[in-house]
Amino acid sequence: MNGVVHPGNGRTAYHFQPAKYWQNDPNGPLYHNGLYHFFYQYNPHGPTWDVGKLSWGHSVSGDLVNWAALENALDPTAPFDANGCWSGSATVLPGGRPAILYTGIDADKVQVQNVAFAKDPSDPLLREWEKPSCNPVIPIPADVTGNNFRDPTEAWRGRDGLWRVGVVAEVNGVGSLLVYRSADFLRWERNAAPLHASSQDVPVLECPDLFPVTAASGASEGLETSASGAGLRHVLKLTDFAKEDHYMVGLYDDAADTFTPAEPERGDDPGNWRRFDHGHLYASKSFYDARKKRRVLWAWVDETDGGGVGRGWAGIQAFPRAMWLDGDGKRLVQWPVEEIETLRRNRVGGVEWVTEVEAGGRKEIAGIVSSQADVDVVFEVPNLEEAETLDPKWLVDPRGLCAEKGASVHGGVGPFGLLVMASGGDLEEHTAVFFRVFRHLDTYKVLMCTDLTKSSRKEGVLKTSYGAFLDVDVEKNKFISLRTLVS
Ligand code: DQQ
């Protein structure tokens with residue numbers, strides 16, 4: 001069965017966006033005193049990334065869906081951040097005082113790490129932030145090259161009571177994650193060994209995240225960032241210079257501040273680690289949501305049409321997802337936070353909407369008039385014996401296979417899926433989300449693709465394909481279910 005969804009145009013709705021102008025990385029997400037806080041890299045002067053003008057935009061929410069905008073939390077006003085308040089994180093200190101660690105671009109355009117404290121921790125909106133005059137709390141070290149020293153993680157406390165923070169740094173040309181320790185959050189001392197050092201050809205890393213996950217099979221509860229003890233693993237996530245987020249599960253030792261990867265065979269280059277996503281989004285950042293005991297992931301999506309100036313806005317945030325460790329102990333799984341279901345209106349389809357589509361045919365899902373849709377669809381896969389044999393060369397390049405066999409290339413089993421954001425009638429513009437099933441040795445491989453090659457008529461828009469093999473037992477289940485958030 002193939003479906004076609006025709007939403008309208010305009011700003012997205014369930015993705016977080018400020019009222020106007022440029023946003024990029026998610027910064028310092030936080031749950032505090034009953035409210036979610038979301039900060040983000042923001043240019044309050046226009047719809048483009050302006051190296052010297054970045055602030056921390058700030059919004060609050062009771063449900064991660066509906067947001068109220070507040071004044072900027074941080075603006076580049078001090079000598080230690082005169083040329084921009086870049087990315088960082090938030091940590092709640094004992095006694096309930098939230099603190100921000102962030103990268104300042106100082107008056108000499110050097111990257112340094114600064115701290116800011118919530119002025120009044122009892123203000124539920126945390127409107128005002130003060131930057132102590134002892135900033136920068138971590139100046140750039142002498143062995144850091146290329147002025148690449150930024151993006152402090154949320155801080156966590158080791159069992160010795162000391163705070164730790166990770167900062168990515170190019171150390172003598174090598175992309176590294178340095179760990180600093182502190183007793184008072186103001187004076188920080190570098191641990192001699194980095195927590196991670198990449199292979200030589202990866203000098204620049206960005207936006208690190210280090211957080212614990214429950215190792216127990218089937219447990220989807222999140223853990224507070226300083227949690228320690230048996231039965232947990234840590235996730236190390238880094239953004240590499242290709243602007244992709246990659247992660248590795250492993251064991252973190254808080255005595256030595258070292259990280260032992262669960263999949264050492266993937267090597268030191270984060271580009272070969274696992275991915276949260278296969279689309280055009282990165283600079284992600286997670287936080288522990290104590291209200292619902294879950295770890296939630298934010299990530300920035302930037303448009304590729306260069307149209308920010310004309311539109312007056314640029315950048316959205318991917319919808320927040322709950323994330324936990326899968327039973328294999330190596331891979332994370334994720335799902336949009338359940339609060340998105342409060343937006344569901346005008347239900348179309350239902351169990352009565354069961355249909356068959358002939359090979360090469362399409363069936364329109366009529367009745368969707370809004371520009372947002374939350375689509376749950378189950379595809380029955382009855383004809384597995386028609387699956388083509390997979391050329392093993394594609395096992396390591398599912399994205400290449402999606403590009404070679406786009407949505408309009410007929411196959412044995414597939415393509416089947418959805419055409420979304422489709423232009424009426426001619427379907428000249430559409431984005432295809434589809435599957436193909438291949439035979440491989442004595443089993444089947446399910447390929448999932450997102451094909452952007454027809455997403456826009458405009459020149460200059462990224463027109464690519466993304467893809468991955470899925471770990472689903474299609475032979476046993478005979479069906480594949482797909483959740484697609486269209487906006
Ligand atoms: N964006 C920030 C930096 C970070 C980069 C500046 C990643 O702190 O490294 O806007 O997108």
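Let me start with Cys 207, whose sulfur lies 15 Å from the closest cysteine sulfur, in Cys 85, too far for a bond. The structure here is a predicted model. In that model Cys 207 counts as buried, at 6% relative accessibility.

Cys 134, by contrast, is in no disulfide, and the nearest cysteine sulfur, that of Cys 85, is 16 Å away. Cys 134 is partly exposed, its relative accessible area being 41%.

I turn now to the nonpolar cores. The largest has 22 residues, and the members that touch the most others are Val 381, Phe 416, Val 437 and Val 474. At least two residues of this core come from each of strands S27 (373-380), S29 (413-420), S30 (431-440), S31 and S33 (479-486). What does Val 381 touch, if residues up to four places away in sequence are not counted? Its contacts are Val 413, Phe 416, Val 437, Val 474, Lys 478, Phe 479 and Ile 480. There is also a second, separate core of 19 residues, which includes Trp 163, Val 165, Val 171 and Tyr 180.

S29 and S30 run antiparallel and are joined by six bridges. Within this pairing, Leu 418 has Val 433 in S30 as its bridge partner.

Elsewhere, five strands form an open sheet with mixed pairing, in the order S5-S4-S3-S2-S22. Strand S5 (67-74) and strand S22 (313-314) are the edge strands, each pairing on one side only. Inside the sheet, strand S2, residues 21-32, pairs with strand S3, residues 35-43, in the antiparallel sense over seven bridges. His 32 stands opposite Leu 35 in S3.

Finally, the charged side chains. The count of salt bridges comes to 34. One of them is between Glu 303 and Arg 311, at 3.4 Å from N to O. Glu 303 is partly exposed at 26% relative accessible area, and Arg 311 is likewise partly exposed at 31%. Another links Asp 328 with Arg 331, where the closest N and O atoms are 3.8 Å apart. Here the relative accessible area is 36% for Asp 328 and 22% for Arg 331.

Where do the partners Glu 429 and Arg 457 lie? Glu 429 is in the loop between S29 and S30, and Arg 457 is in the loop between S31 and strand S32 (465-470), so their pairing ties together parts that are 28 residues apart in sequence. The closest N and O atoms of this salt bridge are 3.3 Å apart. Arg 457 counts as partly exposed, at 45% relative accessibility.

Definitions and conventions
Residues are numbered from 1 along each chain as its sequence is written. This is a predicted model: local features need pLDDT of at least 70, side-chain atom pairs count only at pLDDT 80 or more; totals for chains, interfaces and linings use all residues. Side-chain values use heavy atoms; hydrogens and water are left out. A disulfide is a pair of cysteine sulfur atoms within 2.5 Å. Buried means under 20% relative accessible area, exposed over 50%, partly exposed in between (1.4 Å probe, protein chains only). A nonpolar core is a set of buried Ala, Val, Leu, Ile, Met, Phe, Trp, Tyr and Cys residues joined through side-chain atoms within 4.5 Å. Helices (H or I, at least four residues) and strands (E, at least two) are DSSP runs, numbered from the N terminus. Contact means heavy atoms within 4.5 Å. Two strands pair if DSSP finds at least two bridges between them. A salt bridge is a side-chain nitrogen of Lys or Arg within 4 Å of a carboxyl oxygen of Asp or Glu.
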